Amino acid sequence: MFLAEGFTQALTPMNLVFALVGVFLGTAVGVLPGIGPALTVALLLPVTFKLDPGGSLIMFAGIYYGGMYGGSTTAILLNTPGEAASVVTALEGNKMARQGRGGPALATAAIGSFVAALVATIGIAFLAPVIVEIAVRFGPWDYFALMMIAFVTVSATFGSSPLKGLTSLALGLWLGLIGIDQLTGQARLTFGVPQLLDGIEVTTLAVGLFAIGEALLIASQHRTSPAQPIPVKGSVWMNRQDWSRSWKPWLRGAAIGFPIGGLPAGGAEVPTFLSYNLERKLCRDPEAFGNGAIEGVAGPEAANNASAAGTMVPLLTLGLPTSATAAVMLAGFQQYNIQPGPLLFAQHADIVWALIASLFIANVMLLFLNLPLVGLWVRLLAIPTPWLYAGIMVFAAMGTIAANPSIVELLLLVAFGAAGFLMRRYNYPIAPAVVGLILGPMADLQMRRALQISLGDPMVFLEHWSSALMLAIAAIALVAPFIFRGLSRFQADED
């Protein structure tokens with residue numbers, strides 16, 4: 001019933017326009033190497049703050065889905081993945097393009113993305129209410145423990161080392177403490193600047209770290225003109241053999257990607273590699289892998305898009321982002337004073353079910369948009385890099401000023417841009433800082449509420465089995481990466 005009402009909302013002309021704009025922009029930015037959905041959503045946050053909340057969130061979700069698919073175009077035709085999750089697609093897809101079979105490679109990627117996202121979106125519709133029923137029973141100690149899992153897993157899985165991830169998280173947590181204390185009303189870390197009393201705007205941090213930082217990094221590298229894509233020869237459709245070799249990898253990829261995408265340590269990179277390895281083992285001709293096996297495109301692309309849908313489950317039901325784009329989308333919710341979590345389905349049921357219904361519609365739009373316009377997506381690769389990133393910086397500055405006309409806000413944008421450049425330069429992940437700023441104040445508030453209820457007894461977090469179990473999981477997730485790195489070094493020394 002709720003899903004039917006969601007379709008009624010999502011099928012309104014204005015929401016259909018938002019969905020179409022989202023999938024179009026998402027595919028376009030996914031095609032462009034280095035510009036992913038997280039950067040695009042971050043850029044649009046300050047521009048959309050006066051638009052309809054439901055329509056803007058539908059557009060953001062469309063960008064996420066479109067970006068996941070768009071990365072496969074450059075992976076196949078240019079051997080340059082537009083997204084990190086499309087790295088595996090390039091292994092077999094580019095080989096197919098060099099053999100003159102770039103069309104079927106793009107087709108199996110598009111159809112596989114549609115099938116997997118459709119299956120995963122059905123999973124969202126049925127699984128989300130179940131998780132909400134469990135989460136509404138959470139107390140302050142449970143929410144604090146859940147956020148500890150989010151902090152640790154995001155920090156441990158993003159970036160080249162857990163320590164760098166934790167450092168990025170610490171930056172976000174520090175920024176989250178700036179402003180007026182929610183319990184005492186006292187100013188914290190404002191240094192006498194009145195504009196900081198309301199805290200750091202998530203949009204300013206996201207735009208600075210993602211957009212400005214990426215543009216500065218590209219400028220510092222003096223990149224030369226990109227390689228020329230391989231032209232698509234012949235038909236873009238698949239023959240009967242291609243269909244018979246693709247449909248099982250599509251389903252297996254969806255089954256792998258959706259649950260992993262929903263995990264706190266999920267993301268799209270892990271399921272794509274798992275899908276590729278599984279298809280290579282199940283293939284009747286293992287030697288075909290490495291020489292343009294269509295299964296090596298179908299499975300990973302399905303896993304890629306299913307994981308994107310999987311991230312929506314913890315984001316909507318628990319308010320926990322499991323990817324960089326989900327973290328920026330969480331900022332989009334908060335921009336409209338909407339807090340994802342169990343109460344979202346009660347307080348804003350119309351918006352959340354319209355968003356879920358729009359995911360079905362976005363899947364159909366992507367299928368009919370991508371294959372006929374493959375020539376347009378390829379032409380986007382001809383945009384000069386200096387023009388592209390110069391436009392991004394101008395757009396970022398104008399959007400931030402439009403959302404909050406303040407010289408302090410502009411200085412913060414520049415400072416965060418410089419920080420984003422340095423973090424990229426020295427391989428510090430960006431996402432934990434954004435997650436720290438968003439969830440840090442909430443974790444602080446829930447921890448202090450739990451301590452108030454227990455009259456200051458910290459054992460309250462261990463007295464409840466649910467919070468104790470989640471804290472144990474967080475502790476294991478924190479220690480495990482360091483143990484594995486130590487064991488690998490020990491084995492390397494022995495060898």
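## A tour from cavity to salt bridges

Start by selecting helix 6 (102-135) and helix 16 (349-370), each of which gives at least two residues to the lining of the largest cavity. Helices here (H or I, at least four residues) and strands (E, at least two) are DSSP runs, numbered from the N terminus. This is a predicted model, where local features need pLDDT of at least 70, side-chain atom pairs count only at pLDDT 80 or more, and totals for chains, interfaces and linings use all residues. Residues are numbered from 1 along each chain as its sequence is written, and side-chain values use heavy atoms, with hydrogens and water left out.

Next, show the lining of that cavity, including Tyr69, Phe114, Asn305 and Asn370. A cavity is a set of points on a 1 Å grid over the protein atoms alone where a 1.4 Å probe fits but cannot get out, and lining residues have an atom within 4 Å of a point. The lining divides into 6 nonpolar, 4 polar and no charged residues; Ala, Val, Leu, Ile, Met, Phe, Trp, Tyr, Cys and Pro count as nonpolar, Asp, Glu, Lys and Arg as charged, and the others, Gly among them, as polar.

Now pick Arg188 and Asp444, a salt bridge with its closest N and O atoms 3.4 Å apart (a side-chain nitrogen of Lys or Arg within 4 Å of a carboxyl oxygen of Asp or Glu). Arg188 lies in strand 2 and Asp444 in helix 20, so the pair ties together parts 256 residues apart in sequence.

Arg188, Asp444 and Arg448 are linked in a network of salt bridges.

How values were computed. On a 1 Å grid over the protein atoms alone, a cavity is a set of points where a 1.4 Å probe fits but cannot get out, and a pocket is an open set with protein on both sides within 12 Å along at least five of seven lines; lining residues have an atom within 4 Å of a point.
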